[in-house]
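Me: I am new to this structure and would like to learn how to read its features one at a time. Please give the general idea, then the case at hand.

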Amino acid sequence: MSESTSIRERERQIVDEFSMFDDWMGRYEYLIELGSDLPLIEDRYKTDEFKIKGCQSQVWLRPDYRNGRVYFRADSDAVITKGLIALLVRVLDGELPADIATAPLRFIDEIGMKEHLSSTRKNGLASMIRQIRSYASSVTAEA
Amino acid sequence: MDTTLTPATAALNVELLRKDFPALHQSAHDHPLVYLDNAATTQKPQSVIDRIRRYYESENSNVHRGVHFLSQLATDAYEGARRTIASYINASDPREVIFTRGTTESINLVASSYGASFVPGDEVLISTMEHHSNIVPWQMLCERRGCTLKVIPVSDEGEIIYEEFERLLSERTKILAVCHTSNALGTVNPIQRMIRDAHALGVPVLIDAAQALPHGPMDVRELDCDFLCFSSHKMFGPTGVGVLYGKQDLLESLPPYQGGGDMIESVSFEGTTYNELPHRFEAGTPNIAGVIGLEAAVKYLQKVSPAAISSYEAELTDYATKTISSIDGVRIVGTAKRKVPVMSFLVGDIHPYDCGTILDRLGIAVRTGHHCTQPLMHRFGIPGTARASLAFYNTFGEVDALADGIRKAKSMLMR
Ligand SMILES: Cc1ncc(COP(=O)(O)O)c(C=O)c1O
């Protein structure tokens, strides 16, 4: 299967935006700002079912499958974490499950954040991505 | 070696002492490293590193096993380390010093061996401020033996509520297991008095001294504690080694912990007889290099002078407390009257993880989270804190760097 062009396009946009900052502080501040755009999960869904394990902060992510596409709502009590989820959601929201499950998600490396993330953050991010992919694969299998 | 050490009476020359710790002199994310995570583990002086290297270069051999030259050398070094450490904590006899993997294993050993005789109805008394490693082994024991875990509450300042301790202590208490110093709050507990009161009811006492030894020596005979547990890596020694001190008659009455080589006297398929103290509790090849490295750390601390360390750290604690708490919106969690330089703090409603991330970017190493004390965090109604834990090699300038870092984190994260 070929890579989704709209996912790739949105990744490129993010890479462009981040390339405007030449220091880590700018990137972090922008990341924190993006966190406020995240479509928030309703409080009643902040349950164990939608909690992502393996993060130092609390992270909830609720995928929703409608008309063949997956939409996400999420939240975290830590703002940097929230910014990272917001990036993922921005790239993947409203895409086909099969595309989400197979998206290589190169932008995380490309925005130069990866070297700035501590190993606990990388683990947290990895478990978010794992959870998103596994949800996407499960609805793909159903479809 | 150790040419930079100050005489016992002089004030600590911290800048000079720092030269003994190679890991302190590097940058992190293009900033000079400010290492404030000493409660997690401390850096090692060159003399410890050199001693371990010398062991591997010229003494490496198994202990207690060989007739040959090298084995004798290694055994002498290993047993010599036991004597040094025994005398450092003023044990009556080196056989009272058992080498383990760390505080965690020391506590597990006592819970397993001493706890083997517990019966339903017996109680284990701990406090709310214990590290998970002084909680979980007792929970497991209580589950196995049908005993009850009792927990001494702590005050809003992070001190043991003494009247509650007195109320919970009874003839049913089979052991009191408490920390000397809290890793999450920095509180120094009134251990001497607690031991006296426990002994008045015939209750033996285990002290988790993991966070005490990095700040000064201890005297087990003066304290009269029954067990004392600590970790080498938190007192400037290598990782992977720790100590269980136990009173000799008590240790002699305990069944072995793990079975294997070295802990036996003779083995046959009909039955095995066990070795004497301390070997009975040291099954298998021990961490020889680690033990020898720990001895080097103890010798280093002795040379620096415990008195100078303790008066410098008292100043450092005061300064850090004042500096950090004067930042608008910062709350220090743990404000006990007696404290070591451990500062657990919250900045407004900023998540500690975010705060720690920004500090890390500025080269400042703190720990964030629950610090393996979830019940304590629960007691304070918080998920965790950011914690700056200082050692004698930290400077007032580093405290200022932390304060600047917190201000920067605030400006980036507060919204
Ligand atoms: C008070 C206290 N007890 C026990 C431990 C466990 O020590 P270790 O992990 O070295 O076994 C620690 C370490 O964080 C501690 O701070």
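Me: In which helix of chain A does A:Glu33 lie?

Reply: Note that this is a predicted model. A:Glu33 lies in helix 2 of chain A, residues 24-35.

Me: Is A:Glu33 buried, partly exposed or exposed?

Reply: Buried means under 20% relative accessible area and exposed means over 50%, with partly exposed in between. A:Glu33 has 48% relative accessibility, so it counts as partly exposed. This residue also belongs to a surface patch of negative charge, where A:Glu33 gathers with A:Asp22, A:Asp23, A:Glu29 and A:Asp37.

Me: How does B:Arg144 read by the accessibility rule, and where does it lie?

Reply: B:Arg144 is part of helix 5 of chain B, residues 136-145. Its relative accessibility is 53%, so it counts as exposed.

Me: How many salt bridges does the structure hold?

Reply: A salt bridge pairs a side-chain nitrogen of Lys or Arg with a carboxyl oxygen of Asp or Glu within 4 Å. Over all chains, the structure holds 27 salt bridges.

Me: Which residue forms a salt bridge with B:Arg172, and what does the pair tie together?

Reply: The partner of B:Arg172 is B:Glu123, with the closest N and O atoms 3.0 Å apart. B:Arg172 sits in the loop between helix 6 and strand 7 of chain B, and B:Glu123 in strand 5, so the pair ties together parts that are 49 residues apart in sequence. B:Glu123 has 7% relative accessibility and therefore counts as buried.

Me: What does the salt bridge of B:Asp156 and B:Arg379 tie together?

Reply: In this pair the closest N and O atoms are 2.6 Å apart. B:Asp156 is in the loop between strand 6 and helix 6 of chain B, while B:Arg379 is in helix 13, so the bridge ties together parts 223 residues apart in sequence. B:Asp156 counts as exposed at 57% relative accessibility, and B:Arg379 as partly exposed at 28%.

Me: How far apart along helix 10 of chain B are B:Lys299 and B:Glu295?

Reply: They are 4 residues apart in that helix, which means a separation of about one helical turn. Their side chains meet in a salt bridge, 3.7 Å from N to O. B:Lys299 is partly exposed at 42% relative accessibility, whereas B:Glu295 is buried at 10%.

Me: Why is helix 10 of chain B described as largely enclosed by the rest of the structure?

Reply: Because 14 of its 17 residues are buried. The length of helix 10 can be checked too: at 1.5 Å a residue it should span 24 Å, and its end C-alpha atoms are 25 Å apart, which agrees. Helix 10 is followed by B:Ser305, whose phi is positive, near 95°.

Methods
Residues numbered from 1 in each chain as written. Chains lettered and ligands numbered in written order. Predicted model: local features only at pLDDT ≥ 70, side-chain atom pairs only at ≥ 80, totals over all residues. Heavy atoms only, no water. Helix = DSSP H or I, 4+ residues; strand = E, 2+ residues; numbered from the N terminus. Expected span 1.5 Å × (residues − 1). Buried < 20%, exposed > 50% of the residue type's maximum accessible area, 1.4 Å probe, protein only. Patch = residues over 30% accessible without salt bridge, like charges linked within 9 Å, V, L, I, M, F, W, Y side chains within 5 Å. Areas by Shrake-Rupley, 256 points an atom, 1.4 Å probe, with all protein chains shown as cover. Lys, Arg positive; Asp, Glu negative; His and termini not counted. Charge placed at Lys NZ, Arg CZ, Asp CG, Glu CD.
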